[in-house]
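Visitor: I am new to this structure. Please take me through it, and say what each term rests on.

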Amino acid sequence: MALRSKAKTELLKSVPLFEHCSRRDLTRIAGITDEIAVDEGKVLITEGDRGREFFVIISGEVEVRRKSRKVATLGPGTYFGEIALLSHKPRTATVTAATPLRLLVIADRQFVDLLDTMPELWLKVARSLAERITDDDLSS
């Protein structure tokens, strides 16, 4: 069952990246998302490919691999796909559905436009990127 706009807004509020956004901003973000269902085993992102979207997990889990090595499992409320969108570099990992998933998806241009109109999100995204880079360095 597809989420209504109000339910998307509530879900987005629980995502750390968006937790301090106003109700108005969350409603705007919800308006640019698409909800999709994905079967277990589906590859959502392939390492080395061009980034075209940003994902927020509603339910289920994904497995993140770099150079075929598992580096993380992500679940509801987490997000992925932002690094390639912001860096304009190839995807840094392969992300596969470990279980059936429900996701919210934001297309690349809409994601960048969102950040441009909500400058407070840039700092949160930068912190997230720094944490992921630090985690990568520690796991190498």
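Visitor: How many positive and negative side chains does the chain have, and what makes a side chain count as one or the other?
Guide: In this predicted model, the chain has 22 positive and 21 negative side chains. Lys and Arg count as positive, Asp and Glu as negative. The centres of the two sets are 2 Å apart.

Visitor: Why is Asp25 said to have no salt bridge?
Guide: A salt bridge needs a side-chain nitrogen of Lys or Arg within 4 Å of a carboxyl oxygen of Asp or Glu. For Asp25, the nearest side chain of opposite charge is Arg28, 4.0 Å away, and no salt bridge is assigned.

Visitor: Is Asp25 buried or exposed, and what does the word rest on?
Guide: Asp25 is buried, and buried means under 20% relative accessible area. Of the 140 residues of the chain, 40% count as buried.

Visitor: Where does Asp25 lie, and what is it in contact with beyond its neighbours within four places in sequence?
Guide: Asp25 belongs to helix 2, residues 23-31. Beyond those neighbours, Asp25 is in contact with Met118 and Glu120.

Visitor: How many helices and strands are there in the chain?
Guide: The chain has five helices and eight strands, in the order α-α-β-β-β-β-β-β-α-β-β-α-α.

Visitor: How do you know that the radius of gyration agrees with a compact globule?
Guide: A compact globule of 140 residues would have a radius of gyration near 14 Å; the chain has 14 Å, so the two agree. The C-alpha atoms fill a box of roughly 40 × 35 × 25 Å along the principal axes.

How values were computed:
Residues are numbered from 1 along each chain as its sequence is written. This is a predicted model: local features need pLDDT of at least 70, side-chain atom pairs count only at pLDDT 80 or more; totals for chains, interfaces and linings use all residues. Side-chain values use heavy atoms; hydrogens and water are left out. Helices (H or I, at least four residues) and strands (E, at least two) are DSSP runs, numbered from the N terminus. Buried means under 20% relative accessible area, exposed over 50%, partly exposed in between (1.4 Å probe, protein chains only). Contact means heavy atoms within 4.5 Å. The radius of gyration is taken over C-alpha atoms; the globule rule is 2.2 Å times the number of residues to the power 0.38. The place of a charge is taken as NZ of Lys, CZ of Arg, CG of Asp or CD of Glu.
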